[in-house]
Amino acid sequence: RTLVKFPDYGCTFCRTSEADVQKLIAGDPDLKIVVREWPIFDGSEQAARMALAAAEQGRYPAFYRAMFAAGRPSPTTIAKAASVAGLDMDRANRIAASDEVTSELARNMELARTLGFSGTPSWVAGGQVLQGAVGYDALKQAVDGEA
């Protein structure tokens, strides 16, 4: 069972939806969560790039949590989240600026368009596509394939 989410660090609804995702994980520790970085708000692209750089260092979950906790993306909040996540900043900055990260973000944008997403958060689970802060019950039903 897998839940794919398309968040933006500048999205308030994405931030508030994290409690629902954590509740899903608590109830089903085998649930696989896949995050597709989709920076659609002004100022979010650098946060998404740093998140992918954190993934390259095996520090993605720590950065992801720290970035949402830090507030809206800005050079200050991104640096704070990177520090909390314990990133090697020289390496992270190189990766964040890489063609590979640019390609990953372009693939995510294309996938979001293909799925017909119009905003964040957006979700794919149990063969369903959901958009918005749909809440725990809707996510659980989709993951369970019931809705």
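In this predicted model, the buried residues of helix α6 are Val101, Glu104, Leu105, Asn108 and Ala112. Seen down the axis of α6, these buried residues fall within an arc of 95°, so they line one face of the helix. Just after α6, Gly116 takes a positive phi of about 80°.

A search of the whole structure finds eight aromatic pairs. In one of these, Tyr9 and Phe63 are arranged edge-to-face, with 6.2 Å from centre to centre and 85° between the planes. This pair links distant parts of the chain, since Tyr9 belongs to the loop between β1 and α1 (12-27) while Phe63 belongs to helix α3 (residues 60-70), 54 residues apart. Both partners are enclosed: Tyr9 counts as buried because its relative accessibility is 1%, and Phe63 counts as buried because its relative accessibility is 0%, the cut-off for burial being under 20%.

A further edge-to-face pair is formed by Tyr64 and Phe68, whose ring centres are 5.0 Å apart and whose planes are at 80°. Tyr64 and Phe68 both lie in helix α3, where they are four residues apart, about one turn of the helix. Tyr64 is buried, with a relative accessible area of 6%, and Phe68 likewise counts as buried, at 7% relative accessibility. Tyr9, Phe63, Tyr64 and Phe68, together with Tyr60, form one aromatic cluster.

An aromatic ring also takes part in a contact with a charged group, in that the charged end of Lys23 sits over the ring of Tyr136, 4.2 Å from its centre.

Cys11 counts as buried at 1% relative accessibility, and Cys14 counts as buried at 2%; the structure holds zero disulfides.

Technical notes. Residues are numbered from 1 along each chain as its sequence is written. This is a predicted model: local features need pLDDT of at least 70, side-chain atom pairs count only at pLDDT 80 or more; totals for chains, interfaces and linings use all residues. Side-chain values use heavy atoms; hydrogens and water are left out. A disulfide is a pair of cysteine sulfur atoms within 2.5 Å. Buried means under 20% relative accessible area, exposed over 50%, partly exposed in between (1.4 Å probe, protein chains only). Helices (H or I, at least four residues) and strands (E, at least two) are DSSP runs, numbered from the N terminus. The arc is that of the directions from the helix axis to the C-beta atoms. Rings of Phe, Tyr and Trp (its six-membered ring) pair if their centres lie within 6.5 Å; planes under 30 degrees apart count as stacked, over 60 as edge-to-face and the rest as tilted. A charge sits over a ring if NZ of Lys or CZ of Arg is within 6 Å of the ring centre and within 35 degrees of the ring normal.
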